[in-house]
Amino acid sequence: MHIRRNRAWEMPEHLATPESVFLDRRRLLGGAAGLAAASLIGIEGAQAASDPTADLYPAKRNEAYTLDRPLTPEKFSADYNNFYEYGTSKSVLPAANALKTRPWTVAIDGLVEKPMTLGIDDLIRKMPLEERLYRHRCVEAWSMSVPWTGFPLSKLVALAKPAAGAKYIQMQTFLDRAMAPGQKSFLYPWPYTEGLTLEEAANDLAFVATGVYGKPLANQFGAPIRLVVPWKYGFKSVKSITKISFVAERPKTFWEGLQAAEYGFWANVNPAVSHPRWSQATERVLGTDQRVPTLIYNGYGEQVAGLYKGLEKERLFV
Ligand SMILES: Nc1nc2c(c(=O)[nH]1)N[C@H]1C(S)=C(S)[C@@H](COP(=O)(O)O)O[C@H]1N2
Ligand SMILES: [Mo]
């Protein structure tokens, strides 16, 4: 296969969108409040006009998580989304305006000391928000690099206090057919469900995002709270979470339920293991005309490869 010599991933980090751009935009939105925000829906997607946590953004960037490639400009990543609750095309932005993100609760149940239901704003304010630049590699062989704001998943696990016997966490998206027309389709095993082992959830890279591009998450990114696990294919990063269950058995995920031969539980990125219907060797960089080589664990092997010692017989890369 012909691979372009022009390797975007070798460009220095200073080409990433500077934080000042986010700051300016934030000031703009904050100043004129609801109306200005509403008039921007066409470009950036809906955000709760009076988001009660908007003052927390932009959060300070954690310089331990930076990139070897430029950030994807928001105009591309905010209008090229997978969010099947709002349709199976990439242009879900207008449809996702129907997602109501307040009031919103996240239930924590299963094998925990005490099950609880947290209001989203209380939860966000309890957590130490920071910004991280992460790569994202969709199983469909496209990729992007975005500045998420959020907190380590390990902090949420600590808050939940898992009980003895808990081995996995299962995370679910809301289920509301009136709010999400895609959920009227009986072709899919709604609600969208994903899972991780507790060891994966404890890894420093496992992140819970409540914002992106220096603002609260726009709806199409999975507002108001989503998972981000950048060493795995994008479908593991479940959006718009309402329930987190601590369980003893490996949970059955949405895509496994749909097509187990093609989408497994582990779904770690690996250029050497093809999807049954296409190669995973390279990826198209969103917003460019470039294809670049895909890296094992999406370039995060140093941080996560150790999680899979002794599991070599499993389908780690599907
Ligand atoms: N609830 C839900 N979460 C989801 C999806 C979805 O359809 N529904 N799509 C997944 C897939 S395939 C990808 S690649 C990412 C896309 O995230 P983005 O739209 O923010 O780029 O979300 C993941 N999380
Ligand atoms: Mo994806």
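Which residues form one aromatic cluster? Here are some notes on that and on the ligand site; please keep in mind that this is a predicted model.

1. The aromatic cluster is made up of Tyr84, Tyr188, Trp190, Tyr192, Phe235, Phe254, Trp255 and Tyr263. Do keep an eye on Tyr84, as this residue returns below among the closest to ligand 1.

2. There are 22 aromatic pairs in the structure. One of them joins Tyr213 and Phe221 in a tilted arrangement, with 6.3 Å between centres and 45° between the planes. Tyr213 counts as buried because its relative accessibility is 2%. Phe221, also with a relative accessible area of 2%, is buried too.

3. Phe265 and Trp266 pair edge-to-face, at 5.2 Å centre to centre and with 80° between their planes. Both partners are buried. Phe265 has a further neighbour worth a look: Lys236 lies over its face, 4.3 Å from the ring centre.

4. Turning to ligand 1, you will find 17 residues around it, the closest being Tyr84, Glu85, Arg226, Ser237 and Lys239. An oxygen atom of the ligand lies 2.7 Å from a backbone N or O atom of Tyr84, and a ligand oxygen is 2.6 Å from a side-chain N or O atom of Lys239. Ser237 brings a polar backbone atom to 2.9 Å from a nitrogen atom of ligand 1.

Definitions and conventions: Residues are numbered from 1 along each chain as its sequence is written. Chains are lettered from A and ligands numbered from 1 in the order in which they are written. This is a predicted model: local features need pLDDT of at least 70, side-chain atom pairs count only at pLDDT 80 or more; totals for chains, interfaces and linings use all residues. Side-chain values use heavy atoms; hydrogens and water are left out. Rings of Phe, Tyr and Trp (its six-membered ring) pair if their centres lie within 6.5 Å; planes under 30 degrees apart count as stacked, over 60 as edge-to-face and the rest as tilted. Buried means under 20% relative accessible area, exposed over 50%, partly exposed in between (1.4 Å probe, protein chains only). A charge sits over a ring if NZ of Lys or CZ of Arg is within 6 Å of the ring centre and within 35 degrees of the ring normal. A residue is near a molecule or strand if one of its heavy atoms lies within 4 Å of it. A polar contact is a pair of N or O atoms within 3.5 Å; within protein, one must be able to donate a hydrogen and the other to accept it, and residues adjacent in sequence count only if both atoms are side-chain atoms.
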